[in-house]
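Biologist: I would like to learn how to read this model, one feature at a time. Please give me the general idea, then the case here.

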There are 2 protein chains.
Amino acid sequence: MPPVIILIRPQMGENIGAVARAMSNFGLSELRLVAPRDGWPNEKAVEMAAGGKEIIENATIYADFASAMADINLAYATTARHRDMVKRTASPAQAMAEITATQSLKTALIFGPERTGIENYEITLCDAIINIPTDAKNSSLNLAQSAVIIGYEWIKASSECEVGARENSYENLPAPKSDMFGLFDQLEDYLDKADYFRVAHKKPIMLQNIKNMLIRGAWSEQEIRSFRGMLRSLWERSK
Amino acid sequence: MPPVIILIRPQMGENIGAVARAMSNFGLSELRLVAPRDGWPNEKAVEMAAGGKEIIENATIYADFASAMADINLAYATTARHRDMVKRTASPAQAMAEITATQSLKTALIFGPERTGIENYEITLCDAIINIPTDAKNSSLNLAQSAVIIGYEWIKASSECEVGARENSYENLPAPKSDMFGLFDQLEDYLDKADYFRVAHKKPIMLQNIKNMLIRGAWSEQEIRSFRGMLRSLWERSK
């Protein structure tokens, strides 16, 4: 069962809308608001929600955090700040793995108000803290950013969207792109002169396919030189 | 080395600022802008950047995408839309694992303009596509959301610092090896006749290098046919 999103005392309608948008992007649907500062409904929230408009319309309002949590089995408080609290901490991915592993439990992801974040006494009511990793020099994430990350980890955990993997290794260093661009120019010039692109309007898509297949090799500078040498060799014989 | 962020024709200064903010949150610092719509510097970008102000101040401007890419060894195009293009696709996590596994390569993460996203001819110049998983019902991520996710996966990957197997996926099937062998035979025949292998005892190692670089693209049957068609085209002109 997808987790419920609970926003505690959200301030800006725009941010509530941005959370709903992110929820919709990543397959979440149930939104609960605890004492939104500017009342409810909120026009700004609808405007910012984009594809998440329906989530805003169906959001439910609670006077206090405890009521919003009443039917929740497992609650995770989201924060980027380190908390001096004895509480289990999970990464976003770990938390989502735990949630997807539950079958019939009702779970919730909790976000605090924009300015202050979730209060320690509210974190206390949660089962664990989700700590979003950030750079120590600037750890301040806004509400919408946090919701995007949490939503993204949810869709990763809940879907099998990873495509079949294949091993790869770069045995030598791929050249700077300008080297490949030079090769492309040379090849196009030869092919033009050889009348390879018979049907003029097909030339762009043909060139696109050729570039796609050639760039996929991640050739080194040496390899690009070899390839251009081969082209030149074939070409010069033709004179 | 942390990847460079390249924004192609970004439109709103606010969005450039939001990208810089996310970069700063997740430990990225080098920002390149290709032909920003509203010119540069941009006051709105500075306002939105919050802790990423310095990134905005140090951003470099390029007239076209190819110049911004000139020194890049390995480039990833970010998109939420499915592209009908033969190009390796990686999840954000896979791509960041690959980037952290490189030691001295200059890597770049590319984002297209807000309205249209990155164009196919620009994706062609990249080595792979990063596909951000979204809900099929609402897959439209904005620029700031995408940058948050990519930055977040970067800090995860770079702090875990798992150097090991790099995983790939190919959307089309690499052809049976015999198809490549047929291509090799044709190429060797032409190169022999063009007197490409001037020093006889070097021919085996030269051929080996050529085959290594060509096979690395894991070309499909169609691509091998295209490549052989190009060779034939160049060759037949010489008659």
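Modeller: Keep the ground rules in mind. This is a predicted model, where local features need pLDDT of at least 70, side-chain atom pairs count only at pLDDT 80 or more, totals for chains, interfaces and linings use all residues, and side-chain values use heavy atoms, leaving out hydrogens and water. Residues are numbered from 1 along each chain as its sequence is written, while chains are lettered from A and ligands numbered from 1 in the order in which they are written.

Biologist: Which residue forms a salt bridge with A:Arg9?

Modeller: The general idea is that side chains of opposite charge can pair when their charged atoms come close. The rule asks for a side-chain nitrogen of Lys or Arg within 4 Å of a carboxyl oxygen of Asp or Glu. A:Glu122 is the partner of A:Arg9, with the closest N and O atoms 2.7 Å apart. This pair links distant parts of the chain: A:Glu122 sits in helix α6 (residues 120–123) of chain A, A:Arg9 in the loop between β1 (4–8) and α1, 113 residues apart. A:Glu122 is buried, because its relative accessible area is 2%.

Biologist: Which residues are linked in a network of salt bridges?

Modeller: A:Glu30, A:Arg32, A:Asp71 and A:Lys106. Take one pair: A:Lys106 and A:Glu30 have their closest N and O atoms 3.4 Å apart. Again distant parts of the chain are joined, 76 residues apart: A:Lys106 is in the loop between α5 (92–101) and β6 (107–111), A:Glu30 in the loop between α1 and β2 (31–34), both of chain A. A:Lys106 is partly exposed at 23%, and A:Glu30 is partly exposed at 28%.

Biologist: How far apart in helix α8 are A:Asp189 and A:Lys193?

Modeller: Four residues, so they are separated by about one helical turn of α8 (residues 177–193) of chain A. Over all chains, the search finds 27 salt bridges.

Biologist: How do I read one helix, say α1 of chain A?

Modeller: Check its span against expectation, which is 1.5 Å times one less than its number of residues. Helix α1 (residues 13–25) has 13 residues and reaches 18 Å from first C-alpha to last, close to the 18 Å expected. Twelve of its 13 residues are buried, among them A:Ile16, A:Val19 and A:Met23. Just after α1(A), A:Gly27 takes a positive phi of about 80°.

Biologist: Which residues does A:Pro92 touch?

Modeller: Contact means heavy atoms within 4.5 Å. Not counting residues up to four places away in sequence, its partners include A:Ile132, A:Ile149, A:Glu153 and, from the other chain, B:Tyr152. A:Pro92 lies in helix α5 of chain A. This proline is buried, with a relative accessible area of 1%.

Biologist: How much area do chain B and chain A bury between them?

Modeller: The size of an interface is often given as the accessible area lost when the parts come together. Buried area here uses a 1.4 Å probe and is summed over both parts. Chain B and chain A bury about 6,800 Å², 57% of it on carbon and sulfur atoms. B:Met213, B:Arg216 and B:Leu234 supply 11% of the area that chain B buries against chain A, more than any other three residues. The contact takes 78 residues from chain B and 74 from chain A.

Biologist: How many salt bridges are there between chain B and chain A?

Modeller: Three. In one of them, A:Glu153 pairs with B:Lys156, the closest N and O atoms being 2.5 Å apart. On the side of chain B that touches chain A, helix α10 (residues 221–237) gives the largest share, ten residues.

Terms used
Buried area is the accessible area (1.4 Å probe) that two parts lose on being put together, summed over both. Helices (H or I, at least four residues) and strands (E, at least two) are DSSP runs, numbered from the N terminus. Buried means under 20% relative accessible area, exposed over 50%, partly exposed in between (1.4 Å probe, protein chains only).
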